[in-house]
Amino acid sequence: MLQVSVLRAAPEAVKQRLAKKNFKDLALVDTIVQLDDERKKLQASFDDTQAKVNAASKEIGMMMGKGDKDGAEVLKQNVATWKQTLEPLKEQMAVVEKQLADALVQLPNLPAAEVPEGKTPEENVTVRSGGNIPTLGANAVPHWDLTKKYNLIDFELGNKITGSGFPVYIGKGAKLQRALIQYFLDFNTAAGYTEYLPPFMVNAASAYATGQLPDKEGQMYHATEDDFYLIPTAEVPVTNVYRDTILKEEELPVKMTAYSPCFRREAGSYGKDVRGLNRLHQFEKVEIIQIVHPEKSYAVLEEMVAHVEKLLQSLELPYRILRLCGGDMGFASAITYDFEVYSAAQERWLEVSSVSNFENFQTNRMKCRFKGADGKTQLAHSLNGSSLALPRIVACLLENNQTDAGIELPKVLQGYFGAGMIDN
RNA sequence: GGUGAGGUGGAUGAGUGGCUGAAAUCAGUAGUUUGCUAAACUGCCGUACGGGUUAAACUGUACCGCGGGUUCGAAUCCCGCCCUCACCGCCA
């Protein structure tokens with residue numbers, strides 16, 4: 001959530017930056033400033049009247065003590081009159097505050113200066129790439145054939161048990177999941193991240209704090225009986241560790257990592273895009289999250305990008321890093337880097353990680369602050385990224401490393417998997 | 001799911017209608033003093049939204065789990081909800 005003070009200070013600049021993010025309803029900025037003006041006016045007059053009531057009440061108490069019943073009666077009359085004006089003020093304030101809050105959560109975060117102009121994914125900018133795209137043999141097949149051939153994943157069985165998009169991992173397929181999760185977590189904790197195993201369901205307050213609510217309600221599975229949401233990413237429960245918290249400056253940076261299954265309802269498109277592991281309703285992911293001093297967040301962003309890049313390099317997969325253009329970025333993000341790996345049999349790039357700086361957009365909603373050396377309390381910055389999402393990594397590992405003898409695994413996984421090759 | 005107890009500031013914990021935004025202790029912090037380690041003493045030490053100031057000072061309102069009610073006045077009384085703990089039941 002943007003801070004009203006930022007809108008008030010430079011409404012036109014805010015509108016320009018919102019436009020870069022392809023946000024249409026720019027008049028909302030002026031509406032918010034007006035509502036805030038109104039809110040202030042109402043509060044001032046409410047506070048003044050309430051102050052009179054409080055003072056009179058105190059006096060009544062003293063008069064009663066002295067036995068001056070008549071004097072007290074007169075004051076009671078006054079209080080009664082003031083309170084009549086108080087009621088409508090209170091109601092108006094509630095209305096204005098609600099309008100203000102509703103308007104405020106509709107504004108997406110402002111894009112950083114480095115964010116490229118653009119509206120569609122085609123306008124994202126490739127920052128750099130690495131690894132080698134393999135040349136596959138003539139009989140190479142996509143991963144959905146490989147998972148069947150080696151009996152790693154049964155998609156039809158998932159259909160029976162739950163529905164489409166809920167694959168069942170079997171045997172070496174299941175073990176490969178476990179190996180990847182373990183490796184990713186070890187890689188992250190070695191870099192100073194503390195491991196969390198969070199709840200996989202959250203309450204509405206948590207979903208609101210990280211920005212999933214109110215506007216992405218339909219993308220989450222909702223257990224209505226208890227009003228809990230299945231998490232779409234570990235970012236939600238883990239970032240909320242620091243909701244309503246005032247940290248000490250020396251506690252920053254907070255570095256956290258967590259494995260979780262991720263649940264996404266997203267209807268999505270059909271055909272090639274959702275075939276096999278490309279898009280699922282439930283998948284596994286390891287996430288990294290940092291809460292940092294505002295002056296450091298852009299340096300930390302680069303650090304996190306380099307961290308994920310090293311992880312991909314260790315998996316020996318061909319990858320590229322994109323800086324997302326304004327129109328393709330998420331609602332809460334100020335700047336986002338996407339990581340894609342090349343799926344050699346499908347001959348397409350698949351997104352496996354997204355690393356973002358949210359600046360104080362999430363922390364403002366969450367009220368996650370820190371007390372600086374000057375004793376002043378201010379909002380921290382939050383960042384997060386995937387390291388990594390499993391399904392598309394698995395798709396690429398299988399496709400890119402297929403040989404007639406089986407699927408070769410990168411060295412870093414062999415110890416975790418207990419073998420260097422997936423074969424029959 | 002049942003029964004009982006309880007939710008107060010960073011922590012412990014007092015407070016059953018006005019003198020309480022909240023005692024006391026601990027922790028934290030600034031300073032004084034004893035040569036260091038350590039201790040003693042003194043001050044400060046919640047959050048939000050306003051007014052005010054170059055910035056402070058100062059000042060108004062709200063907040064004692066959340067929401068509502070009674071009252072001139074509520075942490076304190078009443079109602080609803082949420083949560084925690086204990087025991088029982090069920091159970092991986």
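Is R39 buried, partly exposed or exposed? R39 is partly exposed, with a relative accessible area of 22%; buried means under 20% relative accessible area, exposed over 50%, and partly exposed in between, computed with a 1.4 Å probe on protein chains only.

This is a predicted model, in which local features need pLDDT of at least 70 and side-chain atom pairs count only at pLDDT 80 or more, while totals for chains, interfaces and linings use all residues. Residues are numbered from 1 along each chain as its sequence is written, chains are lettered from A and ligands numbered from 1 in the order in which they are written, and side-chain values use heavy atoms, with hydrogens and water left out.

**Salt bridges**

A salt bridge is a side-chain nitrogen of Lys or Arg within 4 Å of a carboxyl oxygen of Asp or Glu. By this rule the count comes to twelve. Helices (H or I, at least four residues) and strands (E, at least two) are DSSP runs, numbered from the N terminus.

| Salt bridge | N to O distance |
|---|---|
| R8 and D37 | 2.6 Å |
| K15 and D30 | 2.8 Å |
| D36 and R39 | 2.3 Å |

R8 is partly exposed at 31% relative accessibility, and D37 is partly exposed at 34%.

The side chains of K15 and D30 also meet in a salt bridge. This pair links distant parts of the chain, with K15 in helix 2 (residues 11-20) and D30 in helix 3, 15 residues apart. K15 counts as buried at 13% relative accessibility, whereas D30 counts as partly exposed at 29%.

D36 and R39 are three residues apart in helix 3, and are therefore separated by about one helical turn. D36 is buried, with a relative accessible area of 4%. R8, D36, D37 and R39 are linked in a network of salt bridges.

**Contacts with RNA strand B**

A residue is near a molecule or strand if one of its heavy atoms lies within 4 Å of it. RNA strand B is surrounded by 17 residues, of which the closest are R39, Q43, S57, K83 and R369. Sugar and phosphate account for 74% of the atoms of RNA strand B that come within 4 Å of the protein.

Polar contacts are pairs of N or O atoms within 3.5 Å; within protein, one atom must be able to donate a hydrogen and the other to accept it, and residues adjacent in sequence count only if both atoms are side-chain atoms. A polar side-chain atom of K83 lies 2.3 Å from a phosphate oxygen of RNA strand B. For K371 the corresponding distance to a phosphate oxygen is 3.1 Å, and for an N or O atom in the side chain of N54 it is 3.3 Å. Helix 3, helix 4 (69-104) and strand 14 (368-371) are the elements that give two or more residues to the surface near RNA strand B. Helix 3 provides the largest share of that surface, ten residues.

**The sheet and its helices**

Strands pair if DSSP finds at least two bridges between them. Eight strands form an open sheet of mixed pairing, in the order 1-11-12-13-16-10-9-4. Its edge strands, strand 1 (125-130) and strand 4 (194-196), each pair on one side only. Neighbouring strands are turned by 25° against each other on average, direction ignored. Axes are lines fitted to C-alpha atoms, for helices over the stretch in contact, and angles run from 0 to 180 degrees between N-to-C directions.

Strand 10 (residues 282-292) pairs with strand 16 (residues 381-389) in the antiparallel sense over seven bridges. Within this pair, I288 stands opposite G385 in strand 16.

Contact means heavy atoms within 4.5 Å. Helix 10 (residues 297-314) lies across several strands, including strand 1, strand 10 and strand 16, and runs at about 5° to strand 16. Helix 12 (residues 390-400) lies across strand 10, strand 12, strand 13 and strand 16, at about 30° to strand 12.

**The surroundings of R365**

R365 is placed in helix 11 (residues 361-366) and counts as buried at 8% relative accessibility. A polar atom of its side chain lies 2.9 Å from the backbone oxygen of Y208. Leaving aside neighbours within four places in sequence, R365 is in contact with residues including M1, V105, Y208 and F331.
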